[in-house]
Amino acid sequence: MAPERTSGDLRTAGIGRGWPVPVFVDGKEVQAFEGETVLAVLWASGDHTLHTTARTHEPRGFFCGIGVCFDCLVTIDGIVNLRACLEPVRSGMKIKRQQDPGYTHAR
Amino acid sequence: MSAAVTAAESGARVIVLDEYAKPGGQFFKRTGDGFAVAPKWLTREHARGEALRGKLDHPNITVLTRALVWGRFDDRVMVAHEGHSKSIYGKALVIATGAYDRPVAFPGWTLPGVLTAGGAQTLAKSQWVKPGRRMLLAGAGPFLLPVALSLLRADVSIAALVEATRPIEWLPHLGSLWGQWPRFSEAWEYKDNLRRTGVPTLYGHKIVRALGEKRVEGAVIAKVDRKWRAIPGSERTIEVDAIATGYGFLANIELAASSGCELRFDEHARTWFVKCTPAMATNKAGVFVAGEITGIGGSALALEEGRIAGLSAAEFAGTLTAHAADEQRRQPIWQRARLERFANALNALFGPRPGLWEFLTDDMTVCRCEEVKAKEIAACIANGATTTKSIKDWTRAGMGLCEGRICRGMVGEILARDRDVALCSIPFPSVRPPIKPVPFSTLLQDDSQSESIAS
Ligand SMILES: Cc1cc2nc3c(=O)[nH]c(=O)nc-3n(C[C@H](O)[C@H](O)[C@H](O)COP(=O)(O)OP(=O)(O)OC[C@H]3O[C@@H](n4cnc5c(N)ncnc54)[C@H](O)[C@@H]3O)c2cc1C
Ligand code: FES
């Protein structure tokens, strides 16, 4: 078990977390912890825009948190439109915040 | 879980299929592997969840997680699991797909930081990440209390809990709530916790706007009348960085609906559920249901329903005699009736009222996926659209990846309002598999297997 962690991010202090796992968010290495979801890692960082929408380019965060709304879409290891709230982190995972979600339909 | 354990203990072989990484659903949600949370931070339901999860470790039970059931064809269910598609055969099927928070649109509701109460609770409770440092909780009904408690435990400061009803409105309902002491003591314990941490509760108020450009920077709340319409001039701004709303739930009935199960409309909850008999059987032979998809009632009711459905499924699969099943169903059926009376009273009291939909006009985004605005939907209705299906075809509302789960209820409310018809007269749109998006690459990777019960 990794030592308890207290830091300035949005992770609750005083909670023991799993082993540190490095992941890459938009190319930058970020430390995540085993057992976390991709959403937890992105949200804890404080940058709450997970993707921007296709039509009006609005920033979006997460909404339902339980896999229903598809508003937490990110690209992971090249696969578009995955739900950050359901994906557990894996060491070395490459996460991308989506500009224009991965929709391919023309409007 | 409750259905699976009961059926397995009655001799049936059971496969549990769950889309999440861990079985247990919403109430018994676990923290991820690797977390070490001191016991003082854990709630009572944690221990009960672990106990029930422990019983899944039964020789008759196989658990498959991250397994999305995307459809049912005759006696098989179709499953997407780790990039592969399987069809699993079962003599009987128990569907217990749960519910999600009812989405409610208000100005600013698409800003990052506006969340559903359940989503905020999930992030705090199973990931120990704060949805915001200082939050506003707005909604109606007792479910806001456990959410507030989970947030406080995760060290979120709660600026206020905003409840749309007023205690004086509860009085006429006390009769039907009478005798439900365990529920009251639970609520009291939650309340007491809030009081001790100094979280103010504002009754007869609702959220009317989220402020901010790129993320939530504040919330505007207002007093409401009995119909939950905001009273002009009563607005007040609160500085927060996240807002969570909880105005009841909608059920995940898509799998049951696409399997041909009959639905029923609930006047109080203003939404659709799966119709079932006291033995939790649907109109489809061999398909049973349990939990929130039969009506919103909370975890205690869902557990009883799971027990009944597990017995009925084992009976259908032939591992339990009709006589034994009848005997064993009697007690949980009685419990269920009692809990259901209580749930109905709560739904009558806290169910949505017309003012909740007063922002569904003009430029309000209704469909989040396809960014369709209320005025586009209204124009479509003015042009003669009478169903959610025709609105979807014309405006794309409901055509995005969530497949209408977020906007469908609100589109229905706009239709009912503009056409001046009862909401129940607008049919639930027909659902076809796959009920959630499944990549083609997954559908093409087929490795099927057989089992006796899928649940
Ligand atoms: C976020 C949230 C928090 C809640 N917190 C509380 C609380 O604190 N107290 C309380 O009394 N009630 C709470 N509720 C209400 C709660 O729904 C019930 O109390 C209880 O969890 C209902 O059990 P269930 O079996 O009906 O559904 P759930 O517990 O929601 O379980 C449904 C399960 O079905 C799975 N599933 C759904 N669709 C599919 C599919 N197509 N394929 C495979 N698997 C699928 C899901 O992964 C999930 O595990 C909460 C609800 C939500 C949405
Ligand atoms: S937040 Fe809704 S699907 Fe992930």
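A: A residue counts as buried when its relative accessible area is under 20%, as exposed when that area is over 50%, and as partly exposed in between. The model is predicted, and the part taken here is helix 12 of chain B, which spans residues 388-395.

B:T388 lies in this helix. With a relative accessibility of 11%, B:T388 falls under the 20% limit and is therefore buried. Leaving aside residues up to four places away in sequence, B:T388 touches B:R408, B:V411, B:G412, B:L415, B:P427 and B:P429.

B:G400 has a relative accessible area of 8% and is buried. Its contacts, not counting residues up to four places away in sequence, are B:C369 and B:E370. B:C367 is 33 residues from B:G400 in sequence, with a C-alpha to C-alpha separation of 8.3 Å.

B:K275 and B:E262 form a salt bridge between two loops. The closest N and O atoms of B:K275 and B:E262 are 3.0 Å apart. This pair links distant parts of the chain, 13 residues apart: B:K275 is in the loop between strand 18 (271-274) and strand 19 (287-289), and B:E262 is in the loop between helix 8 (254-258) and strand 17 (263-266). B:K275 is partly exposed at 41%, and B:E262 is partly exposed at 38%.

As for the chain around these sites, chain B has 14 helices and 23 strands. Its radius of gyration is 22 Å, close to the 23 Å that the globule rule gives for 455 residues, so chain B is as compact as a globular protein of that length. Along the principal axes, the C-alpha atoms of chain B fill a box of roughly 65 × 55 × 45 Å. Buried residues make up 58% of the 455 residues. Among contacts in chain B with a separation of 6 or more, 68% join residues 24 or more positions apart.

Chain B also meets chain A, in a contact that takes 48 residues from chain A and 53 residues from chain B. The area buried between the two chains is about 4,200 Å², and carbon and sulfur atoms give 55% of that area. Four salt bridges cross the interface; B:R66 and A:E87 meet in a salt bridge with an N to O distance of 3.4 Å. The interface also has 26 residue pairs in polar contact. On the side of chain A that touches chain B, helix 1 of chain A gives the most, with four residues. By class, that side has 20 nonpolar, 16 polar and 12 charged residues.

Technical notes
Residues are numbered from 1 along each chain as its sequence is written. Chains are lettered from A and ligands numbered from 1 in the order in which they are written. This is a predicted model: local features need pLDDT of at least 70, side-chain atom pairs count only at pLDDT 80 or more; totals for chains, interfaces and linings use all residues. Side-chain values use heavy atoms; hydrogens and water are left out. Contact means heavy atoms within 4.5 Å. Buried area is the accessible area (1.4 Å probe) that two parts lose on being put together, summed over both. A salt bridge is a side-chain nitrogen of Lys or Arg within 4 Å of a carboxyl oxygen of Asp or Glu. A polar contact is a pair of N or O atoms within 3.5 Å; within protein, one must be able to donate a hydrogen and the other to accept it, and residues adjacent in sequence count only if both atoms are side-chain atoms. Ala, Val, Leu, Ile, Met, Phe, Trp, Tyr, Cys and Pro count as nonpolar, Asp, Glu, Lys and Arg as charged, and the others, Gly among them, as polar. The radius of gyration is taken over C-alpha atoms; the globule rule is 2.2 Å times the number of residues to the power 0.38. Buried means under 20% relative accessible area, exposed over 50%, partly exposed in between (1.4 Å probe, protein chains only).
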